[in-house]
Amino acid sequence: MTLDQWRIKKRLSYRKLAKLLGTRHATIARRWCMPPDSEERAIPSAKYMDLIVQLTNGAVTPNDFYLQRN
């Protein structure tokens, strides 16, 4: 599951997701949720990757940022 799929399922705004993960701006969370082919897309650092796995109870893993699943 992608972070964006999880965010939508939980009905979270980018701002709320950013707050839950402790980032400074909603733009950071939005960039983590962008599709792989987007030029603005960003991969979270190890610190935030760990927080994402914890927050999502393992529904989103580091592989989900690198592997395209159908």
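Predicted model: local features only at pLDDT ≥ 70, side-chain atom pairs only at ≥ 80, totals over all residues.
Local features need pLDDT of at least 70, side-chain atom pairs count only at pLDDT 80 or more, and totals for chains, interfaces and linings use all residues. Residues are numbered from 1 along each chain as its sequence is written, and side-chain values use heavy atoms, without hydrogens and water.

Helix α2 spans residues 14-21. Helices are DSSP runs (H or I, at least four residues), numbered from the N terminus. Leu17, Ala18 and Leu21 of α2 are buried, where buried means under 20% relative accessible area and exposed over 50% (1.4 Å probe, protein chains only). Seen down the axis, these buried residues fall within an arc of 100°, so they line one face of the helix. The arc is taken from the directions from the helix axis to the C-beta atoms. Arg15 and Lys19, on the other side of α2, are exposed. Gly22 follows α2 and has a positive phi, near 80°.

The largest nonpolar core has 15 residues. Such a core is a set of buried Ala, Val, Leu, Ile, Met, Phe, Trp, Tyr and Cys residues joined through side-chain atoms within 4.5 Å. Among those with the most contacts inside the core are Leu17 and Trp32.

Trp32 is buried, with a relative accessible area of 6%. Tyr48 is also buried, at 17%. One aromatic pair is counted, with ring centres required to lie within 6.5 Å; planes under 30 degrees apart count as stacked, over 60 as edge-to-face and the rest as tilted. The rings of Trp32 and Tyr48 have centres 5.3 Å apart and planes at 45°, so the pair is tilted.

Conventions: Helix = DSSP H or I, 4+ residues; strand = E, 2+ residues; numbered from the N terminus. Phe/Tyr/Trp six-rings, centres within 6.5 Å; stacked < 30°, edge-to-face > 60°.
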